[in-house]
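Q: I am new to this structure and would like to learn how to read it. Please take the features one by one.

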Amino acid sequence: MKKFLPFLFGLFLVSSATYAKNDKDSLSIELDEHAKFIDSVNASFHWQTNSITISKGIANLNLGTDYKFLDSKESNYVLHDLWGNPPRTDVLGMIFPANSGPLEESSYAFIVTYEEAGYVKDDEADKIDYKQMLSDIKSSEAEENANRKKEGYEAIHIIGWAQDPYYDKQFKVLHWAKELQFGDDSLRTLNYEVRVLGRKGILSLNAVADMNELALVKANIDKVLKIPEFTAGNRYVDFNSNTDKVAEYGIGALVAGGILAKTGFFAIIGKFLLAAWKFILIGLAAIGGGIRKFFNRRSKKETYQETLSDYGSQGS
């Protein structure tokens, strides 16, 4: 199947030329073909619902009827082929609202990963000053972005907490959200993160969306927090101090480490936020803006050249 981003570039170029000629019939045909493409993509997915087991039985996802799940293979197709991100091997799947999908404009999705980093001690949770943490992160931002610029990447600024970090000691769940700005883009990005602590590691749910979707995510976050659950023997309470590894960091590092570029945060996959019809009608500038919302490790120039090259090879 064709890559979605090159497909949009090609469709944009054809549609723009057609529109310039005021050929509304031809433009309508192009839009119809594009709609058929989206329908074929949506029909190809094999959604899972209710309760499923992930990561070789380490955890369950209790989706119920409000959410649905894509496995690792189809999630990587979404993330790489449809949303334009570099391929990754650690993605276990993606969680979507039951009435949504990868090509929906106003929605969100959580990317599921697991890291066997050890047992994370939570005894410091009540002592963390997240306001001071945010100030420290902002102070180091200039240096981090200078390094990103040297490597050809766009500066990323943290505007503030979109949701203050909160740790639920009873259920061993940490969650928080950040408001981010990419370069000079006026459109702000929301990154909502959930960490569930287990006996031997951390189950992560990461969502990226527009800031105007914050209310939607917040309205449903309580349901999302109840989805992941470690299985018996893998729960936090199952920790054995005689045999199990203890992580080299605590709760605070999970939050701070999720922001600093040097920890790998900016390798986290970003959501493709703009709907296809916006690419067609708004044009190439909108495409450039959408690309900036990918948490990838390629410069805009490389992405643009690579996309045109891919489209050219497909058309030959």
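A: Start with pairing: two strands pair if DSSP finds at least two bridges between them. Helices (H or I, at least four residues) and strands (E, at least two) are DSSP runs, numbered from the N terminus. In this predicted model, Leu-197 has Ile-202 in S9 as its bridge partner. Strands S8 (residues 189-197) and S9 (residues 202-210) run antiparallel and are joined by 9 bridges.

Q: What should I know about numbering and about which atoms and residues count?

A: Residues are numbered from 1 along each chain as its sequence is written, and side-chain values use heavy atoms, with hydrogens and water left out. As this is a predicted model, local features need pLDDT of at least 70 and side-chain atom pairs count only at pLDDT 80 or more, while totals for chains, interfaces and linings use all residues.

Q: What is the mean pLDDT of the protein, and over which residues is it under 50?

A: pLDDT is the predictor's confidence in each residue, from 0 to 100. Where pLDDT is low, the predicted coordinates should not be read in detail. The mean for this protein is 77, and 74% of its residues reach 70 or more. Over residues 1-7 the pLDDT stays under 50. Residues 259-316 are also below 50; beyond near neighbours in sequence, that stretch has 142 contacts in the model, a contact being heavy atoms within 4.5 Å.

Q: How many helices and strands are there, and in what order do the strands of the open sheet lie?

A: The protein has 10 helices and 10 strands. An open sheet is formed by 7 strands in the order S3-S4-S5-S9-S8-S7-S6, with antiparallel pairing. Strands S3 (67-71) and S6 (156-168) each have a single partner strand, so they stand at the edges and one side of each lacks a neighbour in the sheet. On average, neighbouring strands here are turned by 20° against each other, direction ignored.

Q: Which helix packs on the sheet?

A: For angles, axes are lines fitted to C-alpha atoms, for helices over the stretch in contact, and angles run from 0 to 180 degrees between N-to-C directions. Helix H6 (residues 214-225) packs on the sheet, and its direction makes about 10° with that of S8. Asn-220 is found in this helix, H6. Leaving out residues up to four places away in sequence, Asn-220 touches Tyr-67 and Tyr-108.

Q: Is Asn-220 buried or exposed?

A: Buried means under 20% relative accessible area, exposed over 50%, partly exposed in between (1.4 Å probe, protein chains only). Asn-220 has a relative accessible area of 18%, so it is buried. Ala-59, in strand S2 (residues 59-62), counts as buried because its relative accessibility is 1%. Buried residues make up 53% of the 316 residues in the protein.

Q: Which residues touch the most other members of the largest nonpolar core?

A: A nonpolar core is a set of buried Ala, Val, Leu, Ile, Met, Phe, Trp, Tyr and Cys residues joined through side-chain atoms within 4.5 Å. The largest has 31 residues, of which Ile-95, Phe-110, Val-194 and Leu-203 touch the most other members. H6 gives this core its largest share, 5 residues. A second, separate core of 25 residues includes Trp-161 and Tyr-236.

Q: How far apart are the C-alpha atoms of Ala-59 and Glu-229?

A: They are separated by 5.5 Å, although the two residues lie 170 residues apart along the chain. Beyond four places in sequence, the contacts of Ala-59 include Leu-203, Glu-229 and Phe-230. Leu-203 in turn touches Ile-54, Ala-59 and Phe-230, among others.
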